[in-house]
Amino acid sequence: MSVVASYSLAGKRVWVAGHAGMVGSAIVRKLEARNDCEVVIARRDRVDLRQQNQVDAFIDKEKPDAVFLAAAKVGGILANATYSADFIYDNLAIELAVIHAAHRCGVEKLLFLGSSCIYPKHAPQPISEDSLLTGPLEPTNEWYAVAKIAGIKLCQAYRLQHGRHFISAMPTNLYGPNDNFDLQSSHVLPALIRKMHEAKQRRSPEVVLWGSGTPLREFMHVDDLASALLFLMERYDDPSHINVGVGADLSIRALAELVADVVGYTGELVQDTSKPDGTPRKLMDSSRLYALGWRPEIDLRSGIKSTYAWYLANEASRHTLAS
Ligand code: GFB
């Protein structure tokens, strides 16, 4: 497989689509730290990335050389299950508009961001890239998953028909600065940070966890992801999507205990089994990425610690005021 490529971002105009989100903002931080390329952004109030004509006008004006497609409608298990139409429509529309515009404008390299939920619910673990489309999806997030699978296929189709250097990376569950801490729509890790923090403040005797606590998940700090994405942009050029994970998982119950420990919450952890569990396990096989020479650096405990510090500095008071 011809996976090792050589493409340098140095001196390039690099559009980070989705710059305000958790992933996009982490990519922007990494690019700015390099200080050798020009970061281009599309402000959300000026460009609706779901609208082909608006994306076309933006890309014609800005003429980026490379694109990180990190813009997406994302959310946790409940948001995915509740807003099925929004999740499939917004994500398909963004992918179509940005990938097509990048082709039309002759963008040299594009990296599309997917998700580990593209894989079948009962895929063999750890999940290799070859498991894609080998079985039924997890119903709570199949709308999002189908849109993300379409994104991979779009990149492959433009490679095949037009020789474009469009690649796809599939990250595992992510967390970090600029995450969504809304208790209804967030993923589990930010939800647990907020729940434990507020329970500690209020001296609540218990914190409620959704589901059985037995599902296994793998968590990666978004700064590790951003580092992997810059690496892949410069070193990977293959039609196959590539997994980006840390190689280890833990149960939701164990995660909750870890977050409680970091936050300093000592009350009871109670399971609300009326809430969905989602897929039982999704540990990704990231050996293809590791074989290229990249490795994650942020262990889970220190990642949670720094994310909690970020939450305290940026979010906690906003929530206290709102409640
Ligand atoms: O992170 P999460 O919302 O999404 O939930 P998925 C992971 C697990 O944590 C589930 C449990 O078993 C939840 O029931 N959980 C426990 C909680 N307490 C909480 C809580 O307070 N909030 C939340 N949100 N969960 C998502 C997909 O699946 O993963 C997306 O829906 C995407 O499409 C994302 O792929 C990475 O890991 O189950």
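How many bridges pair S1 and S3, and in which sense do these strands run? S1 and S3 pair in the parallel sense, over four bridges. Two strands count as paired if DSSP finds at least two bridges between them, and the strands and helices themselves are DSSP runs, numbered from the N terminus (helices are H or I with at least four residues, strands are E with at least two).

The model is predicted: local features need pLDDT of at least 70, side-chain atom pairs count only at pLDDT 80 or more, and totals for chains, interfaces and linings use all residues. Residues are numbered from 1 along each chain as its sequence is written, and side-chain values use heavy atoms, with hydrogens and water left out.

Start at strand S1, residues 13-17. Four of its five residues are buried, where buried means under 20% relative accessible area, exposed means over 50%, and partly exposed lies in between (1.4 Å probe, protein chains only). S1 also pairs with strand S2 (residues 38-40), in the parallel sense and over three bridges. In that pairing, Arg13 has Glu38 of S2 as its bridge partner. To get from S1 to S2, the chain passes through helix H1 (residues 22-34), and this β-α-β crossover is right-handed. The term applies if, with the strands pointing away from the viewer, the path from the first strand over the helix to the second runs clockwise.

From S3 (residues 66-69) the next step is S4, which pairs with S3 in the parallel sense over four bridges. Val67 has Leu110 of S4 as its bridge partner. S4 is also joined by four bridges to strand S5 (residues 166-171), and these two run parallel. Here Phe112 stands opposite Ser168 of S5. Between S4 and S5 the chain crosses through helix H5 (residues 142-162), in a β-α-β crossover that is right-handed.

How is S4 placed in the structure? Five of the five residues of S4 (residues 109-113) are buried, so this strand is largely enclosed by the rest of the structure. In a regular strand the side chains alternate between the two faces of the sheet. In S4, Lys109, Leu111 and Leu113 point one way, Leu110 and Phe112 point the other way, and all are buried.

Now turn to the ligand. It is surrounded by 22 residues, and the closest are Ile77, Lys195, Arg217, Pro276 and Asp277. A residue is near a molecule if one of its heavy atoms lies within 4 Å of it. By class, the shell has 10 nonpolar, eight polar and four charged residues. Helix H3 (77-82), helix H6 (188-202) and strand S7 (206-210) each supply at least two residues of the shell. H6 gives the most, with three residues.

An N or O atom in the side chain of Arg217 is 2.7 Å from an oxygen atom of the ligand. The backbone takes part too: an N or O atom of Val188 lies 2.9 Å from a ligand oxygen atom, and one of Trp210 lies 2.9 Å from a ligand nitrogen atom. Taken alone the ligand exposes 700 Å², and the protein buries 97% of that; the areas come from the Shrake-Rupley method with a 1.4 Å probe.

Helix H6 also holds Glu198. This residue is buried, with a relative accessible area of 12%. The C-alpha atoms of Glu198 and His319 are separated by 9.1 Å, although the two lie 121 residues apart along the chain.

Note on methods: A polar contact is a pair of N or O atoms within 3.5 Å; within protein, one must be able to donate a hydrogen and the other to accept it, and residues adjacent in sequence count only if both atoms are side-chain atoms. Ala, Val, Leu, Ile, Met, Phe, Trp, Tyr, Cys and Pro count as nonpolar, Asp, Glu, Lys and Arg as charged, and the others, Gly among them, as polar.
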